[in-house]
Amino acid sequence: MQITDETIEYVGILAKLELSPEEKERAKQDMSEMLDYVGKLNELDVSGVEPMSHTFPVSNVMREDVVTKRKHLSYRIPFRLFRKCHPEEQSDEGS
């Protein structure tokens, strides 16, 4: 597929690239080769091939949530520890 100078200019603007004339010529050649390859891939018969999102089988590795009864810390414990460590910051309000 033949790529025009305008296409390379436009791609350069979108990618915010400043290309020298030599780089533009090389980019035209590279893009043309890539599109030719994609054209060859489009010629393949893939009617019997199922689409996939990964090349390897992927399964969910998350464990099930299990609810258990556990003793938990009272919400008051952190406040007690804070008051113990920082007595100077205590107020007379609601102990």
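Mentor: Start with one residue and its surroundings. Apart from neighbours within four places in sequence, Lys28 is in contact (heavy atoms within 4.5 Å) with Ile3, Thr4, Asp5 and Ile8. This is a predicted model, in which local features need pLDDT of at least 70, side-chain atom pairs count only at pLDDT 80 or more, and totals for chains, interfaces and linings use all residues. Residues are numbered from 1 along each chain as its sequence is written, and side-chain values use heavy atoms, with hydrogens and water left out.

Trainee: What is the average pLDDT of the protein chain?

Mentor: pLDDT is the predictor's confidence in each residue, from 0 to 100. The protein chain averages 84, and 87% of the residues score at least 70. Elements are DSSP runs numbered from the N terminus: helices (H or I, at least four residues) and strands (E, at least two).

Trainee: Is Lys28 buried or exposed?

Mentor: Relative accessible area under 20% means buried, over 50% exposed, and in between partly exposed (1.4 Å probe, protein chains only). Lys28, which is found in helix α2, counts as buried because its relative accessibility is 14%.

Trainee: Which side chain meets Lys28 in a salt bridge at 2.7 Å?

Mentor: Side chains of opposite charge can pair when their charged atoms come close. The term salt bridge is used for a side-chain nitrogen of Lys or Arg within 4 Å of a carboxyl oxygen of Asp or Glu. Here the partner is Asp5, at 2.7 Å from N to O.

Trainee: How many salt bridges does the structure hold?

Mentor: The structure holds four. One of them joins Lys28 to Glu25, with the closest N and O atoms 3.8 Å apart. Both of these residues lie in helix α2, three residues apart, which is about one turn of the helix. Through shared partners, salt bridges join Asp5, Glu25 and Lys28 into one network. Glu25 is partly exposed, at 47% relative accessible area.

Trainee: Which residue forms a salt bridge with Glu9?

Mentor: Lys24 does, and the closest N and O atoms are 2.3 Å apart. Glu9 is in helix α1 and Lys24 in helix α2, so the pair ties together parts 15 residues apart in sequence. Glu9 is partly exposed at 36% relative accessibility, and Lys24 is partly exposed at 28%.

Trainee: At what angle do the axes of α1 and α2 cross?

Mentor: Axes are lines fitted to C-alpha atoms, for helices over the stretch in contact, and angles run from 0 to 180 degrees between N-to-C directions. The axes of α1 and α2 come within 10 Å and cross at roughly 100°. Angles under 35 degrees count as roughly parallel, over 145 as roughly antiparallel, 65 to 115 as roughly perpendicular and the rest as oblique. The two helices, α1 and α2, are therefore roughly perpendicular to each other.

Trainee: Which residues in α1 meet α2?

Mentor: Asp5, Thr7, Ile8, Glu9 and Val11 in α1 meet Lys24, Ala27, Lys28 and Met31 in α2. The C-alpha atoms of Thr7 and Met31 are separated by 10.0 Å.
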